[in-house]
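Please look through the structure below together with the explanation that comes after it. The text moves from the whole chains to single elements and residues.

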Amino acid sequence: MGNHQGGRRAARTAAGAPTPSGGPQPLLELRNLAITFATSNGDVPAVRNAHLTVMPGETVAIVGESGSGKSTTALAAIGLLPANGRVSDGSIIFDGEDITHASEKRIVELRGSSIGMVPQDPMSNLNPVWKIGFQVRETLRANGLPSGPSDVAKVLSEAGLPDAGSRANQYPHEFSGGMRQRALIAIGLSCRPRLLIADEPTSALDVTVQRQILDHLDTMTEELGTAVLLITHDLGLAAERAHKVIVMYKGQVVEAGPALELLTNPRHPYTQKLVASAPSIASRRIESAKKAGIETGDLLAPTASKKAALDRVIEVEDLTKVFKIRGSWGKSTDFTAVDRVSFSIARGTTTAVVGESGSGKSTVAKMVLGLEGATSGSIRFDGVDITTLGRKEMFDFRRRVQPIFQDPYGSLDPMYNIYRTIEEPLRVHGVGTAKSREKKVRQLLDQVALPSAMMQRFPNELSGGQRQRVAIARALALDPEVVICDEAVSALDVLVQAQILNLLADLQSELGLSYLFITHDLAVVRQIADSVAVMKKGRLVEQGTTDEVFDNPQTAYTQALLAAIPGAGLVLPPEVA
Amino acid sequence: MAWYIVRRFLQLIPVFLGATLLVYFLVFSLPGDATAAICGERGCTPAVIAGLREQYNLDQPFWIQYLLYLKGVVTFDLGTNFSGRPIATIIAEVFPTTAKLAIMALVIEAVFGIAFGLIAGLRKGKLFDSSVLVLSLIVIAVPIFVLGFLMQFLIGVKLQWTNPTVSGDATFTELLLPAVVLGLVSFAYVLRLTRTSIIENVNADYVRTATAKGLSRKRVVVVHVLRNSLIPVVTFLGADLGALMGGAIVTEGIFNVNGVGNTLYRAVLNGDGPMVVSIVTFLILIFCLANLLVDLLYAWLDPRIRYA
C-alpha cells in the first residue's frame with residue numbers, strides 16, 4: 001500500500017507540475033503574511049510571517065493543532081477571514097497577481113472558478129433549507145457555467161455520489177455525513193478551479209469514509225490538475241496525501257519540506273513532538289500500566305493467573321437494544337441498535353469497543369452506565385445483573401462506575417467552578433465533611449496534574465486538555481472501579497491526546513481501574529487497550545486481545561478499518577515509529 | 001402531512017370546548033342580574049324580566065345554559081345579543097374592518113421590521129444599528145395609548161394628513177394611521193428578532209461556504225442569510241396575526257374603529273353575556289387557525305421539520 005501511494009505521488013509530481021515556457025510560476029504564494037484579529041482587548045496577531053508556495057497541480061498540507069492559525073492562513077487566500085480579521089502585513093499572490101488587497105469584485109470573480117473550497121464540517125456547511133441540487137446549481141450559475149439538471153447531476157456523480165439525479169432533489173438532512181462531504185467536494189470542484197482549499201475535509205467523518213473521500217479527492221484533483229492546499233491536524237494524513245508539508249505552531253510556520261523527509265527527520269522541536277506523539281498503527285500499548293501488570297503478575301504468578309480468569313469486573317451477555325422509530329400514520333418500526341453483544345472486562349485492564357458512527361458502540365456504553373435500559377440480555381457488574389437493580393442499588397452502582405465523555409466543552413457545567421464540578425459527586429453521595437471533600441478535591445487535581453489554584457476557575461478559562469483532566473478528576477472523585485470513556489480523547493489535539501492517554505494509563509496502574517474505552521480511532525486503541533471488540537451495525541464482528549486483532553485481523557471489516565488509519569501505509573524507518 | 005392537518009383540526013375541538021366553558025363560566029359568575037343590563041335605568045316589570053330570563057335561558061342552571069349555548073353554536077345559531085340583534089350578523093359586520101386593519105398592521109410591521117432588522121444585523125455595532133436599537137426600545141417601552149394619542153394628535157389634528165378618526169366605511173387611507181400605531185410595538189420586536197437572527201446566521205458555516213462558491217454578496221445575503229433568519233420571525237408574526245385579528249381594544253378605541261375590539265369592549269361594559277362569549281370563542285378559533293398556518297409555513301421554510 002505504502003509503495004503504491006508513494007509511487008502514485010511521484011508520478012503525479014512529474015505530470016502535475018507542467019513547466020510552461022519561462023519556468024514554473026507558483027500558483028499561490030504567501031509572502032510574510034501576517035493576520036491580526038481585532039478584539040475588545042486590542043489587536044491579536046493570529047498568523048505571523050507565514051510563507052508558503054503551492055505549485056500548479058501540487059498538494060501542499062498545512063499541519064498544526066487547533067489555534068495554530070492554519071485555517072486562518074488558508075482562508076485569507078480567498079478573502080474569507082472573519083469580519084474582525086485582516087491581513088496586516090505581507091502579500092498573497094495568486095497566479096502572478098497580487099490579491100492581498102484586491103477589490104471585493106475581483107475576489108468574487110476568483111472564488112469558485114479559480115479557487116475552490118471544501119470546508120471542514122459537512123454537517124454545518126450546507127444550508128439546511130435548500131436542496132442539494134439548488135446549492136450546486138447556484139455555484140455553476142454564479143460562475144457562468146451551464147447549470148441545467150444534467151449538469152448538476154454530472155458534477156455530483158463526479159464526486160462519487162450515487163444516483164445523483166434524484167439525490168439532487170433531497171435536502172442536506174437527508175444525506176449522511178459522507179454524502180454531504182461528497183456534495184461539498186462536488187461544489188468545490190464544480191467550476192474546475194486551479195486551486196482547491198480543503199480545510200480538514202474529512203476530520204468529521206469515520207475513518208473508512210475518510211479514506212474513500214480522500215482517495216476520490218486525490219483522483220479528481222489529479223485528473224483535473226488541480227492544486228490542493230490541504231489543512232489538517234493529522235500528520236499521518238498530511239504525509240500520506242501531500243507532496244509538501246508545512247507545520248504551523250502558534251501562528252508561525254515552524255517547518256516546511258517534502259512530506260516524508262519532514263516525518264523522518266523533523267528538525268523543529270514542535271514537529272519532533274508531533275511526530276513522536278502521533279498515534280499510529282505502529283505504536284504500542286502505553287507502558288506504565290502494562291509494566292505494573294507484569295510486576296504484579298510476576299509476584300503472584302500462580303494465583304493471579306487463576307484469579308484473572310475469574311475476575312471479570314463487567315460481563316455483558318447477549319445485550320440487545322431495540323429502538324422504536326416513529327413512522328408516518330402512527331406506525332412504528334423497530335431498529336436494532338445493539339444486537340446480541342457479549343464481551344467482558346477483566347479487572348484492571350482496558351477493553352476497547354471500536355466501530356464507525358452508527359455501529360451502536362455508544363449505546364453499549366450508555367447501557368453499561370445504566371443510562372439506557374437494555375431490551376434484553378444482561379450486564380453483570382461484579383456478578384450482579386445491573387438491569388435488575390432497584391433505585392437504591394442503582395445509586396450505589398453509579399458510584400462504582402463513572403463516565404468520561406467526548407466533548408470537554410459540553411460535559412462541564414459552565415456555571416460551576418472547578419471545585420464545585422469535582423466536589424459535586426462527593427456531595428451527592430454524601431461522602432465526608434466539607435473539609436475532607438476539599439482535601440479530596442485537592443488530591444484529585446494533583447492526580448490529574450492540575451494545580452490546586454485552578455479550583456476557583458471556570459471551565460471557559462481552561463483549555464480542552466485541562467477540561468478533560470477536570471472531567472477525569474470528577475470521574476475519579478468517588479473512587480470508582482470502572483471508568484467508561486466514551487470517545488474521551490477524540491475531541492483533543494494530538495499532543496494533548498497523548499498526554500491524556502498517558503494520564504489514563506498512569507491512573508490505571510496506580511488505582512487499578514478498569515476502562516471501557518469507546519472509540520472510532522484504532523490508533524488510540526492500540527495505545528490504550530488490552531483487548532478489543534469491533535462493532536459493525538450493532539453486531540460484534542470480532543474480538544480478542546489488541547495484539548491479536550491488530551496483527552492478525554480476522555474479518556474483512558476489521559482489515560478495512562485498520563487499512564484506513566491515515567499514515568498506515570507509510571513505511572517509516574524504525575527509529576521514528 | 002394531510003394527517004397532521006386533520007389532527008390539528010381535531011385538536012381545535014377540546015380547545016373550543018375548554019375556552020367556551022371557561023368564558024361562559026366567568027360571565028355567568030359575574031355579580032348582578034343580567035336582565036338589569038337590558039332594562040337599563042328605568043327597570044322592567046317582573047313579567048318582562050321573566051320573559052327575558054326565559055328567552056336567554058337565564059332561568060336554567062349553569063350546565064343547561066352552557067349546553068343550550070353549545071347546541072346553538074353547532075347549528076350555526078349564535079343567538080341574539082341583549083339588544084335583540086343576531087350575534088352572527090354583528091360579527092360579520094365588524095370583523096372585515098378588524099381583519100383589514102390587522103393585515104395592514106401585519107404587513108407594515110413585517111416589511112419594515114424585517115428590512116430594518118436586516119440592515120441593522122448586517123451593520124452590527126454601526127450607527128444605523130445603534131440608533132435603530134434605541135428607537136425600538138423607546139417604542140416598546142412607551143405604552144401604546146400614548147403613542148396612539150400622540151400620533152393622532154400630530155398627524156391627524158396638527159398636520160391634518162389624514163382623518164384623526166375612522167368613519168363607518170373604514171377606507172384604506174383612514175385605516176393607515178391606526179394600522180401604523182397597531183403595528184408599531186410588534187415592528188420593534190420583529191426588528192430586534194430579525195437583527196439577532198441575522199447576526200447569528202451571518203457567521204454560519206454555510207454562509208461562508210456560499211461565499212467561497214463565488215456568489216455575490218447580495219445573493220449570499222438574500223438566499224442564504226435572510227431565508228434562514230426568517231424562521232423565528234415567521235413564528236412571531238403568526239402569533240401576532242392571531243392577536244391582531246382579535247382586534248386591538250385600545251387602538252380601535254382611540255381611532256373609533258368599528259371593529260371586533262370595540263364591539264367586545266362595549267359588550268363587556270354592557271354585561272352582554274352571550275355577545276362576550278361568542279366573540280371570545282370566535283377569536284380563539286381565529287387564533288388557533290393562525291397558529292396552524294404558522295406551523296405549515298414553518299415546514300415550508302425549514303424542510304427539516306416534518307409533520308407526521
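The coordinates are a predicted model, and confidence is a reasonable place to begin. The mean pLDDT of chain A is 83, and 87% of its residues score at least 70.

Chain A as a whole contains 22 helices and 20 strands. Of its 577 residues, 46% are buried. When contacts in chain A between residues at least 6 apart in sequence are considered, 71% join residues at least 24 apart.

One part of this chain is an open sheet of 6 strands with mixed pairing, in which the strand order is 6-7-8-3-9-10. Strand 6 (115–118) and strand 10 (252–258) of chain A are the edges, each pairing on one side only. On average, and with direction ignored, neighbouring strands in the sheet are turned by 15 degrees against each other. Helix 7 of chain A, residues 177–189, packs on this sheet and touches strand 6 and strand 7 of chain A; the direction of the helix makes about 175 degrees with that of strand 6.

Strands of a sheet pair through backbone hydrogen bonds, and the pairing is either parallel or antiparallel. Strand 7 (residues 195–199) and strand 8 (residues 227–232) of chain A run parallel and are joined by 5 bridges. Within this pair, Ala198(A) has Leu230(A) in strand 8 as its bridge partner. Strand 9 (residues 244–249) and strand 10 of chain A, by contrast, run antiparallel, with 6 bridges between them. Here Ile246(A) stands opposite Ala256(A) in strand 10. Strands 9 and 10 of chain A form a hairpin with 2 residues between them, and Lys250(A) in the turn has a positive phi of about 45 degrees.

Further along chain A is helix 18, residues 464–476, with 13 residues. From its first C-alpha to its last it reaches 18 Å, close to the 18 Å expected at 1.5 Å a residue. How many residues of helix 18 of chain A are buried? The count is 10 of the 13, so the helix is largely enclosed by the rest of the structure. Among the buried residues are Arg467(A), Arg469(A) and Arg474(A), as well as Val470(A), Ile472(A) and Leu476(A). An α-helix has 3.6 residues a turn, so residues three or four places apart point the same way. The buried residues of helix 18 of chain A pack against strand 16 (401–404), helix 16 (418–428), helix 17 (434–447), strand 17 (482–486) and helix 19 (494–511) of chain A.

A single residue gives a contrast to that setting. Met394(A) belongs to helix 15 of chain A, residues 391–400. Is Met394(A) buried or exposed? Met394(A) is exposed, because 11 other C-beta atoms lie within 10 Å, and a residue counts as exposed at 12 or fewer. Apart from neighbours within four places in sequence, Met394(A) is in contact with Gly370(A) and Leu389(A). Lys131(A) is 263 residues away from Met394(A) along the chain, and their C-alpha atoms are separated by 47 Å.

Chain B has 13 helices and 0 strands. Its C-alpha trace spans about 85 × 55 × 30 Å along the principal axes. Of its 308 residues, 35% count as buried. Residues 24 or more positions apart account for 73% of the contacts in chain B with a separation of 6 or more.

The two chains meet in a contact that takes 24 residues from chain A and 21 residues from chain B. On the chain B side, helix 9 (205–212) and helix 10 (217–245) are the elements that give two or more residues. Helix 9 of chain B provides the largest share, 7 residues. By type, the chain B side divides into 9 nonpolar, 6 polar and 6 charged residues.

Terms used. Residues numbered from 1 in each chain as written. Chains lettered and ligands numbered in written order. Predicted model: local features only at pLDDT ≥ 70, side-chain atom pairs only at ≥ 80, totals over all residues. Pairing = 2+ DSSP bridges. Helix = DSSP H or I, 4+ residues; strand = E, 2+ residues; numbered from the N terminus. Axes fitted to C-alpha atoms, helices over the stretch in contact; angles between N-to-C directions. Contact = placed C-beta atoms within 7 Å. Nonpolar A, V, L, I, M, F, W, Y, C, P; charged D, E, K, R; others polar. pLDDT = per-residue confidence, 0-100. Buried ≥ 20, exposed ≤ 12 C-beta atoms within 10 Å, placed from the backbone. Expected span 1.5 Å × (residues − 1).
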